[in-house]
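Subject: Structure handover

Hello,

Here is the structure for your files. My notes on it follow below.

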Amino acid sequence: MPEDATTMGDEDVLRAPLVLEYPFKRTTGPVIGAFLTALREGRFIGIEDDNGKVLCPPVEYDPASGASLTKLVPVGSEGEVLSWSWNQSVRDGQPLDHPFAWVMVQLDGADTPMMHVVDAPHEAMATGMRVRARFASERIGSMDDLLCFEPVS
Amino acid sequence: MRDVAIIATAQTKHVRAATATNEVEMIQPVIQEVIERSGVDRHGFDFTCSGSSDYLAGQPFSFVMTLDAVAAWPPISESHVEMDGAWALYEAWVKIQTGHADTALVYSYGKSSPGDLPRVLSRMTDPYYEAPLWPSSVDIAALQARAAIQAGVTSEQAMADIAYRSRTSAAANPFAQLTSSAQPSALMDEEYLADPLRRHDCAPITDGGVAIVLAAGDKARSLCSRPAWIRGIDHRADGHHLNFRDLTTSPSVSIAAEKAGVANGPIEIAELHTCFTHHEPILRSALGLGDDVEVNPSGGPLAANPMMAAGLIRMVEVANRIHSGEVSRGVAHATGGHALQHNLIAVLEGEG
Amino acid sequence: MTDTTSSQPAPIEIPEGVWSQPAVNMSAVADLESVEAVRSVRAFASMTYDYTPGLATTRFLRAIKEKRLVGERCSETGKVYIPPRGVSPVSGLPTTEQVELGLDGTVVSFCVVNLDFTGNAQEIPYVSALILVDGSDIPIYGLVREIPYNEVQPGLRLKSVWVEDSELTTSFENIKWWAPNGEPDVPASDLADYI
């Protein structure tokens with residue numbers, strides 16, 4: 001006899017693993033492409049707005065005015081932590097395989113922070129701390145080229 | 001402008017995991033209930049609009065499947081937003097304003113339990129700079145919370161107080177998922193989930209849905225003894241990139257509140273889409289709410305947080321209290337994106 | 001077919017002012033101009049879900065493991081849906097009455113597939129059809145085999161061809177394909193409501 005909908009318990013309902021994959025390739029355009037090119041070279045660039053403020057990572061348009069931004073400028077590989085949170089349980093795909101800190105880090109020469117991670121003990125984390133970039137030894141021109149930041153001792 | 005009101009509402013009993021049902025089976029009883037409550041014929045709605053996201057349950061085009069529940073064959077006038085249902089309500093409100101509809105059915109739902117929701121929500125970030133790092137929604141909220149604490153907008157103690165107040169308020173909400181809380185002092189002794197956030201600072205992961213009926217003018221008056229009139233509604237977005245925003249304030253909320261006319265009269269209650277405790281002080285400040293305004297008497301999203309529905313539920317909770325005569329004027333807020341990026345504000349009023 | 005002997009088509013001219021992104025000024029980072037620029041990134045994402053099909057589809061899949069096809073009836077129109085999702089799209093009401101269907105069906109519509117979408121799983125050309133299972137009111141997809149592709153037409157009567165009984169699972173893949181059952185064709189006029 002067919003089972004009755006009103007009496008079917010959760011344990012009777014079928015379940016199956018389902019994996020969805022999005023294997024996209026995205027074009028970068030000249031601005032993001034330049035940032036990733038710089039990462040591949042082991043350094044950072046930003047983009048200057050009309051007021052001389054440097055946005056890093058760079059974007060194509062001023063987020064406030066919408067004006068086109070074009071002037072790429074060098075930015076340092078060290079910076080200051082403006083905000084941080086602690087990531088105790090690492091999820092698939094995250095930059096490190098052990099607990100780490102998420103940070104908003106403002107690189108020297110930039111006027112805006114970028115989100116990334118710091119490889120340091122929980123107790124070492126503090127707003128205002130100085131960090132430097134740790135790059136991958138083999139770089140291909142992607143965000144993976146920047147492994148993480150680490151405290152400047 | 002046409003007068004438009006919420007005339008009927010219904011929502012699920014929100015749960016951590018509605019494993020027995022698929023999405024249409026989960027939302028159908030709520031849609032049936034709101035239709036019966038509204039007095040509009042099941043096949044008589046001028047417009048239907050829904051809100052949901054396929055990413056939550058990993059069910060491509062799940063909104064097409066749930067259209068079965070609104071009797072969408074033969075074809076009806078219908079639309080969908082890949083957003084919280086509050087924006088589906090907004091689209092329906094616009095449709096009624098254009099004169100192409102006098103009644104509208106709006107529903108939204110989220111079944112987050114099949115996936116790892118905080119990880120799924122990482123896909124909302126910038127695809128070049130942020131998404132490759134897979135930051136979870138909790139990780140990003142924690143960065144915002146730290147910034148807010150540093151700026152003196154809130155404190156871990158104040159956040160624990162908000163968690164306690166929200167979940168004890170929810171004891172009176174028959175639809176809520178979490179309806180009790182340890183004392184704030186005990187909450188403060190708990191381990192961090194994502195320093196500076198503890199588990200109590202985060203809204204739960206919830207499966208559930210909500211439905212409402214909108215009607216215009218005399219139609220609303222004929223169907224509902226005390227309609228909840230939408231006196232103002234507006235939505236604004238802050239920038240997508242977290243790095244260009246001051247995460248401790250919400251300019252988009254302030255602008256939307258002004259456009260919606262929040263300050264044009266006394267606010268008795270506010271239902272705010274606070275997915276994290278620190279959102280409440282940021283929103284209170286941006287909305288210009290006084291300390292006397294009761295926030296989230298339902299418990300809010302900290303007590304039940306069905307993604308894509310929790311924003312529309314805020315409007316439902318205000319509307320229900322207007323329908324009952326409990327309050328005459330309230331504000332509802334819905335949000336989308338990370339760290340309060342996109343915000344909708346609605347002012348609801350009762351007459352007489 | 002694409003003519004691969006000709007050169008690439010000329011770039012599309014975009015009218016001035018319609019769309020433009022100004023060239024970047026690299027004077028301050030001139031050394032980057034001498035290296036190959038990154039133009040694209042792989043943005044791979046994978047997410048795992050614990051999928052549950054719900055009550056009605058579970059009932060359907062449990063029946064199919066027993067080599068039965070079970071639809072569900074709309075309480076308002078009497079129409080029988082397969083595979084059931086739990087709600088009638090015409091009434092918006094739950095379907096709660098299960099209906100035992102036949103294991104034969106009728107071609108409502110079909111197409112002949114000449115492209116290898118399946119990675120050699122199917123020999124091309126093959127026929128993909130909409131099949132109205134006996135006792136139901138909405139057609140389902142199925143492969144039609146054991147007949148030359150150019151002899152398939154609407155109205156063709158079919159039987160379902162199943163995997164061995166020992167291989168039955170709670171999967172729609174239990175039906176390997178459909179094949180002619182030898183009965184006379186159904187007149188097209190009888191199928192008008194199902195196209």
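Where is the place of Ala339(B)? Ala339(B) sits in the loop of chain B between β11 (329-336) and β12 (342-349). Please keep in mind that this is a predicted model.

Backbone points

Ala339(B) is not a glycine, yet its phi is positive, at about 55°. Ala339(B) has 23 other C-beta atoms within 10 Å, so it counts as buried.

Phe61(B) also calls for a look at phi: the value is near 55°, positive in a residue other than glycine. The loop that holds Phe61(B) runs between α2 (54-57) and α3 (62-66) of chain B. Is Phe61(B) buried or exposed? Phe61(B) has 10 C-beta neighbours inside 10 Å and therefore counts as exposed.

There are also cis peptide bonds to note. In chain A, the bond from Cys56(A) to Pro57(A) is cis, with omega near 5°. Pro57(A) lies in the loop between β3 (54-55) and β4 (71-75) of chain A. In chain B, the bond from Asp195(B) to Pro196(B) is cis, with omega near 20°. Pro196(B) belongs to the loop between β5 (192-194) and β6 (197-198) of chain B.

Helix packing in chain B

Helix α10 (residues 251-260) of chain B packs against helix α11 (residues 279-287) of chain B, with 8 Å between their axes and an angle of about 40°. Because of that angle, α10(B) is oblique to α11(B). The two helices, α10(B) and α11(B), cross in a right-handed sense.

Which residues of α10(B) and α11(B) meet? From α10(B) come Val253(B), Ser254(B) and Ala257(B), and from α11(B) come Leu283(B), Ala286(B) and Leu287(B). By type, the residues of this contact between α10(B) and α11(B) are five nonpolar and one polar, with no charged residue.

Thr168(B)

Thr168(B) is part of helix α7 (residues 156-169) of chain B. Its count is 15 other C-beta atoms within 10 Å, so Thr168(B) is partly exposed. Leaving aside residues up to four places away in sequence, Thr168(B) touches Ser180(B) and Ser181(B). How far are the C-alpha atoms of Thr168(B) and His333(B) separated? They are separated by 21 Å, with Thr168(B) and His333(B) 165 residues apart along the chain.

Regards

How values were computed:
Residues are numbered from 1 along each chain as its sequence is written. Chains are lettered from A and ligands numbered from 1 in the order in which they are written. This is a predicted model: local features need pLDDT of at least 70, side-chain atom pairs count only at pLDDT 80 or more; totals for chains, interfaces and linings use all residues. Axes are lines fitted to C-alpha atoms, for helices over the stretch in contact, and angles run from 0 to 180 degrees between N-to-C directions. Helices (H or I, at least four residues) and strands (E, at least two) are DSSP runs, numbered from the N terminus. Angles under 35 degrees count as roughly parallel, over 145 as roughly antiparallel, 65 to 115 as roughly perpendicular and the rest as oblique. A crossing is left-handed if the near helix is turned anticlockwise from the far one by less than a right angle, and right-handed if clockwise. Two residues are in contact if their C-beta atoms, placed from the backbone, lie within 7 Å. Ala, Val, Leu, Ile, Met, Phe, Trp, Tyr, Cys and Pro count as nonpolar, Asp, Glu, Lys and Arg as charged, and the others, Gly among them, as polar. A residue is buried if 20 or more other C-beta atoms lie within 10 Å of its own, exposed if 12 or fewer, and partly exposed in between; C-beta atoms are placed from the backbone.
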